[in-house]
Amino acid sequence: MPDAESLRQVAQSRASLSTWVGIVLLFALFGIIVLAVIGPAPRGSTYEETRAKKRMENLKTVRDEAAKALTTYGWIDKNKGIARIPIDRAMELAVAELAQQKPAPAGPIATPEPQPPAAPASPAPASPAPGASPKTSPAQPAASPPAQAPVSPSQPPPGTAASPVPGKTP
């Protein structure tokens with residue numbers, strides 16, 4: 001009688017062979033199903049041609065609608081009284097409105113006056129001792145002229161008008 005180990009080897013070799021045959025048969029079956037589904041499908045370029053025709057029709061429709069909206073009269077919101085007019089007419093109205101307005105001459109540009117150079121700052125005097133009378137020292141000037149405030153760019157220089165034309169802003 002054959003021993004148990006040799007029987008086990010034969011059973012394992014047959015099991016692995018049947019497993020491989022089963023896997024190959026499954027792949028073949030899957031391939032046949034794929035060919036059956038894909039096989040009858042058309043392989044021509046008619047699909048792309050029909051899509052291109054649809055895109056061209058959509059483009060033509062959109063351009064026609066845009067041209068109609070730009071060249072005809074119509075209501076946008078009748079309740080609010082908002083209407084659409086052709087571009088040519090809108091440009092004519094805008095030119096006529098601008099022709100009625102007379103441009104105002106520009107006023108002179110005021111240049112700021114040059115500032116005198118600032119005097120060098122002297123060190124602060126020592127505070128007098130309590131009970132002593134305040135005296136001016138000969139090195140310290142009696143009174144210095146008040147410093148002029150710098151003119152900010154947003155404010156006009158003193159003595160000039162804020163705007164050359166009243167009611168108009170540049």
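Q: In which sense do strand β1 and strand β2 pair?
A: This is a predicted model, in which local features need pLDDT of at least 70, side-chain atom pairs count only at pLDDT 80 or more, and totals for chains, interfaces and linings use all residues. Residues are numbered from 1 along each chain as its sequence is written, and side-chain values use heavy atoms, with hydrogens and water left out. Strands are DSSP runs of E with at least two residues, helices are runs of H or I with at least four, and both are numbered from the N terminus; two strands pair if DSSP finds at least two bridges between them. Strand β1 (residues 74-77) and strand β2 (residues 82-84) share 3 bridges, and their sense is antiparallel.

Q: Which residue in the turn of the hairpin has a positive phi?
A: The hairpin is formed by β1 and β2, with 4 residues between them. Asp77 stands opposite Ile82 in β2. In the turn, a positive phi of about 80° belongs to Gly81.

Q: In what order do the elements of the chain run from the N terminus on?
A: Let's step back to the whole chain. Its secondary structure comes to 3 helices and 2 strands. From the N terminus on, the order is α-α-β-β-α.

Q: What span does α2 reach from its first C-alpha to its last?
A: The expected span of a helix is 1.5 Å times one less than its number of residues. With 26 residues, α2 has an expected value of 38 Å. The model comes close to that, at 37 Å.

Q: How many of the 26 residues of α2 are buried?
A: Buried means under 20% relative accessible area, exposed means over 50%, and partly exposed lies in between (1.4 Å probe, protein chains only). In the chain, buried residues make up 1% of the 170 residues. Helix α2 is hardly covered, and its count of buried residues is 0.

Q: Which residue forms a salt bridge with Arg51?
A: A salt bridge here is a side-chain nitrogen of Lys or Arg within 4 Å of a carboxyl oxygen of Asp or Glu, and the whole structure has 3 of them. Arg51 is partly exposed because its relative accessibility is 37%. The closest N and O atoms are 3.6 Å apart, and the partner is Glu48.

Q: Is Lys60 buried or exposed?
A: Lys60 forms a salt bridge with Asp64, the closest N and O atoms being 3.7 Å apart. The two lie in helix α2, 4 residues apart, about one turn of the helix. Asp64 counts as partly exposed because its relative accessibility is 44%. Lys60 has a relative accessible area of 55%, so Lys60 is exposed.

Q: What separates Glu92 and Arg89 in helix α3?
A: Glu92 forms a salt bridge with Arg89, the closest N and O atoms being 3.4 Å apart. Glu92 is partly exposed because its relative accessible area is 48%. Because Glu92 and Arg89 are 3 residues apart in helix α3 (residues 87-100), what separates them is about one helical turn.

Q: What is the relative accessibility of Leu29?
A: Leu29 is found in helix α1 (residues 4-38). A nonpolar surface patch of about 690 Å² is made by residues including Leu29, Phe30 and Ile33. Leu29 counts as partly exposed because its relative accessibility is 48%.

Methods:
Patch = residues over 30% accessible without salt bridge, like charges linked within 9 Å, V, L, I, M, F, W, Y side chains within 5 Å. Areas by Shrake-Rupley, 256 points an atom, 1.4 Å probe, with all protein chains shown as cover.
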